[in-house]
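Take a look at the protein below. Have the sequence and the 3D view open side by side as you read.

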Amino acid sequence: MSENTTQRPTVRVTSEIGPLRTVICHAPGPELLAVTPSNREQYLYDDIIDLPQAQSEHQQFRAILSRFCEVLNVRDLLAEIVDEPEVRKFLINRVMEVAPSELGGVLHEIPGPQLIKQFIEGKEAPQGPISKMLHKVSYELPPLPNLFFTRDAAMVVNDAVIIGAMRYAVRWTEELLMKALFLYHPMLRNGGFIYDGTEEHRSDWTIEGGDVIIVRPDLALVGLSERSSPAAIEGLVDGLREKAGIEHVLVVVLPTESPAIHLDMIFTMVDTTHCVVYPPYFFGPQRLPVLHYRPEQKGIRAHDDLFGALKQLGVDLEPIWCGGHHPTQQEREQWSSGCNFVAVRPGIVLGYSRNEATMREMQDRAGFRIVDAIDFLTGKEVVREGERSVIAFSGAELVRGGGGGRCMTMPVCRDDIW
């Protein structure tokens, strides 16, 4: 199979809210069992997750998505291409670069499904006498417990693709799996890479998908966060203009120490006129600075607030406050991904049911109907095109991973709405 550059792209995402047609997810699997209280920080977790419960919640989430769009699975997509000699060679050689191991020769001989299983779930190293005595486990191939947040390692912008440059080494293999899909899978033909994080070897050049929000085909928001660095953003902005036709980029500068690791943990669009935000970061003395960056112009224009900057570019958004108007509720529900919605249609979004104050705010301030996931899936409640609705699904375990509906989805095709 050869690199796809001559056929028409099958991926296209020009907004956050256009009708969703195809999305990539990854069902949480045994890779999450590698996370323990003693190594959770190494794997970027604040807690450990009950796997059966997380799988049940994620299955419900995918079932809702499937009522609106085609849901592709990372593992299935890889299985469809892994036996192509070029793909197998790419995956093994590149994974051995970021996770060196003596397994390299063995990996070329094992069946495709087993190869994918080891790339995702990891492979434990034999325990030597010291490891046994100290009750320590090491891996010849590292597990990928963050893979179910498919948004971070790749992003589609218009017809082109960004491959993330992940901040932490435990996620570097994710970049390579996603690059293989967009490089080789015939269902994911695209207009080329805007930015290829797998080729980024410079220190502190990092960009992750939770920090990239496509407002219009010519306008993007980018979060300068703990995970996405200024240097990488500057390079990304050039690529967005040259490869994807993005003329305007507003950079939202998050605090160095913040409960929000990405921009989409404090801001997501839910229809053409509304977004859900974490209020302290957008209103009052703690509001975040915003930089308007146009690569062909010298200098950067600073704005005092995001909404004023968006309005000057013709986007008039009304904010819905995550957690309502009580500071304690705002802080609690931001922490539990209360801002992190994924839209399947303009005005129809999926979010965690536990964020009740946010749901009330969406209902009272913007007329969203709150629909329980079970009622929706059993047909007791129907969501109609054109009405504003939140389909509220369970996420008590999923949220412990540090993300919500947007984080767990990588849209590859949405209808244009602008």
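The model is predicted: local features need pLDDT of at least 70, side-chain atom pairs count only at pLDDT 80 or more, and totals for chains, interfaces and linings use all residues. Residues are numbered from 1 along each chain as its sequence is written, and side-chain values use heavy atoms, without hydrogens and water.

**The recorded site.** An unreviewed UniProt entry places the feature "active site" at Cys-407. Such annotations may be inferred rather than shown by experiment; positions follow the numbering used here, and feature names are shortened. Cys-407 sits in the loop between β19 (389–393) and β20 (410–414). Strands are DSSP runs (E, at least two residues) and helices are too (H or I, at least four), numbered from the N terminus. Cys-407 is buried because its relative accessibility is 4%. Buried means under 20% relative accessible area, exposed over 50%, and partly exposed in between (1.4 Å probe, protein chains only). Leaving out residues up to four places away in sequence, Cys-407 touches several residues, including Phe-148, Arg-151, Asp-264 and Asn-340. Contact means heavy atoms within 4.5 Å.

**A buried arginine.** Arg-216 lies in strand β8 (residues 212–216). Its relative accessible area is 16%, so Arg-216 counts as buried. The Arg-216 side chain reaches the backbone oxygen of Leu-313 at 2.8 Å. Arg-216 also touches Thr-14, Ile-246 and Trp-418, among others.

**Salt bridges.** How many salt bridges does the structure hold? There are 26. Each is a side-chain nitrogen of Lys or Arg within 4 Å of a carboxyl oxygen of Asp or Glu. Here are some of them.

| Pair | Closest N and O atoms |
|---|---|
| Arg-12 and Asp-159 | 3.0 Å |
| Arg-171 and Glu-174 | 2.9 Å |

Arg-12 and Asp-159 form a salt bridge. This pair links distant parts of the chain, 147 residues apart. Arg-12 is in the segment before β1 (20–25), and Asp-159 is in the loop between β5 (154–157) and β6 (160–163). Glu-174 and Arg-171 are buried. Arg-400 is partly exposed at 33% relative accessibility, whereas Glu-397 is buried at 11%. A network of salt bridges links Arg-94, Glu-97, Lys-179, Asp-196 and Glu-199.

**The surface patch.** Ile-130, Met-133 and Leu-134 form a nonpolar patch with about 380 Å² of accessible area together. Patch residues have over 30% relative accessible area and no salt bridge; like charges are joined within 9 Å, nonpolar side chains (Val, Leu, Ile, Met, Phe, Trp, Tyr) within 5 Å. Areas come from the Shrake-Rupley method with a 1.4 Å probe; for residues, only the protein chains shown count as cover. Ile-130 lies in helix α6 (residues 129–134). Ile-130 is exposed because its relative accessibility is 62%.

How values were computed. Polar contact = N/O pair within 3.5 Å; in protein donor to acceptor, adjacent residues only side chain to side chain.
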